[in-house]
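Dear colleague,

Please find the structure below, followed by a short account of what was found in it.

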Amino acid sequence: MNKISVVFVCLGNICRSPTAHGVFERMVAAQGLGDRICVDSAGTGDWHLGHAPDSRSVEVAQRRGIDLSALRSRLVSAKDFDDGAYVLAMDGQNLSNLEILRPTDFAGHLGLFLDYSANFEEREVPDPYYSGAQGFDLVIDLIEDASAGLLKHLKKHHRL
Ligand code: 4NP
């Protein structure tokens, strides 16, 4: 059976999307769904290609028991728009860039990741790159909430 592909996308692929990648992948594994859902992340900007996640994101995730250190930044590409894939943007700017890249025959889901968040009003994960430590805490709080909502959605709509 084909896996459902979930790709988280931000600007640099060193703060928000690797955090979502690590958080969601762990949630998927904890529910024994690693053979049904494939998790990845990418960026729309190329400044940090091949770099590990920002040390501030690594630390915040580490405190919640998640290791992001092996992830490496890469650019999003048309190949990420697999059949049935969920391509989820961290903010409206990244969503606009993805809409340009989206193949015309894409038969999947392109939208804002926080549309799956149930407990926060925010619809965008704020760019924490130039913020203090608090920015990174908010990022992971938003991501944990939306990850729970996304997994619930996938289980319901794909009968996992
Ligand atoms: P991200 O954060 O998009 O969450 O990975 C950023 C990382 C780097 C830059 C901007 C945002 N930058 O301008 O280099």
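A backbone N or O atom of Leu 11 lies 2.9 Å from an oxygen atom of the ligand, and a polar backbone atom of Ile 14 is 3.0 Å from a ligand oxygen. From the side chain of Arg 16, an N or O atom is 2.7 Å from an oxygen atom of the ligand. Taken alone, the ligand exposes 350 Å², of which the protein buries 92% (Shrake-Rupley method, 1.4 Å probe).

This is a predicted model, in which local features need pLDDT of at least 70 and side-chain atom pairs count only at pLDDT 80 or more, while totals for chains, interfaces and linings use all residues. Residues are numbered from 1 along each chain as its sequence is written, and side-chain values use heavy atoms, with hydrogens and water left out.

The residues around the ligand (a heavy atom within 4 Å) include Cys 10, Asn 13, His 48 and Asp 127. By class, this shell holds five nonpolar, three polar and two charged residues.

The ligand sits in the largest pocket (more than half of its atoms within 2 Å of the grid points). A pocket is an open set of points on a 1 Å grid where a 1.4 Å probe fits, with protein on both sides within 12 Å along at least five of seven lines; lining residues have an atom within 4 Å of a point. Trp 47, Pro 128 and Tyr 130 are among the lining residues.

Methods. Polar contact = N/O pair within 3.5 Å; in protein donor to acceptor, adjacent residues only side chain to side chain. Nonpolar A, V, L, I, M, F, W, Y, C, P; charged D, E, K, R; others polar.
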